[in-house]
Amino acid sequence: MKYKVLAADDEIELLDALELFLEKEQIELQKAGDGITALSLFEKNPPHLVLLDIMMPGLDGFSVLRKIRETSKVPVIMVTAKGADYDKILGLELGADDYITKPYNPMEVVARVKAGLRRNYDYREEACKEPQELSLLGLTLNEVEGTVKKRGELIELTKTEYMILKLFMHNPGRIFTKQQIFEHVWEEESYMADDNTVMVHLRCDMCEMLRKVCGEYYDEIEKKGFEFEIEIPEEPCYVMADEKLFSRVIANLLSNAIKYNETGKKIMVFMEEQEGKLQIAVMDDGELLEEEAGNALFRAFVRGDKTRKSDGGTGLGLSIARVIVEKHGGNILYENRQGCNCFRIELGRG
């Protein structure tokens, strides 16, 4: 079953970021930029859960919640400003099921959404099934005895191996994310777990990924008169990483380099391996940032200093990039290198 979540917030960039994380959990996100649109979407295509920001144009979150509660008991999570205790209390009294304070970590929001779905729709569908004997591709798993046989011969498995195999045999052909596997097997929220336990990724050719993202920006860079320099190894370079998420990180760095520089400047993308680690750098020779100010951009809702003026964005792009890189066991930082602004990613090959 694929769940639908309706999220209403006038800061669309927040919803775009959240969509990226929910998509990894196979949860569809419907986005509304104001309360009136949210109610319209709710009536046309009822969701399984609603996320409501309180401060929205048209109808505020409280008004939307009141209208929803006239006809539905769907779980609702309110999004409030930090320290707004009155808003939290009022939201809960009006029928909200949970609340989240801004600024938030998108991964915490995903965890709360999944918890709400589990409570209301039984997220672990296979838990309701009666114990049985499962057979698939010559393997037989007996849930009563807790045994696995291959063509009649008993196979010794650890408890964890047994639970993972049981999950797959109950759901042949289904694709699971790392979070879903962790939560099915360990029965804990994956965002609270140790990364070494949770991280189960597909291999990604980082060279190919970089070439693809750079190619997507080539016409825009050329049209705006920038000099574009790319140094990427010819040979494939595989790492355990999520290609879609890392593409989002590189795209964010490139779009910032284009946005905050003057025509005629240079934009550079480099990748090399040093001491078993990949170094990926996106550089520009525009107005130089102080290193402290550059690294502050990785904090949520920081929009830049006087050299990189806000254009109305929420300042979440680089903070989300940091979350993505760190969840892969890497680091991302800003530094002055050879008189250029340099955003550098360091990633292990494991």
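**Exercise 1.** Is E143 buried or exposed?

*Solution.* Buried denotes a relative accessible area under 20%, exposed over 50%, and partly exposed the range in between (1.4 Å probe, protein chains only). E143 has a relative accessibility of 17% and therefore counts as buried.

The model is predicted: local features need pLDDT of at least 70, side-chain atom pairs count only at pLDDT 80 or more, and totals for chains, interfaces and linings use all residues. Residues are numbered from 1 along each chain as its sequence is written, and side-chain values use heavy atoms, with hydrogens and water left out.

**Exercise 2.** Characterise the salt bridge between E143 and K166.

*Solution.* A salt bridge requires a side-chain nitrogen of Lys or Arg within 4 Å of a carboxyl oxygen of Asp or Glu. For E143 and K166 the N to O distance is 3.5 Å. Helices (H or I, at least four residues) and strands (E, at least two) are DSSP runs, numbered from the N terminus. E143 occupies the loop between β7 (139-142) and β8 (147-150), whereas K166 belongs to helix α6 (residues 159-170), so the pair ties together parts 23 residues apart in sequence. K166, at 23% relative accessibility, is partly exposed.

**Exercise 3.** Locate the partners of the salt bridge between K102 and E11.

*Solution.* Their side chains meet at 3.0 Å, N to O. K102 is in strand β5 (residues 98-102) and E11 in the loop between β1 (4-8) and α1 (12-24); the pair links distant parts of the chain, 91 residues apart. K102 is buried at 14%, while E11 is partly exposed at 22% relative accessibility.
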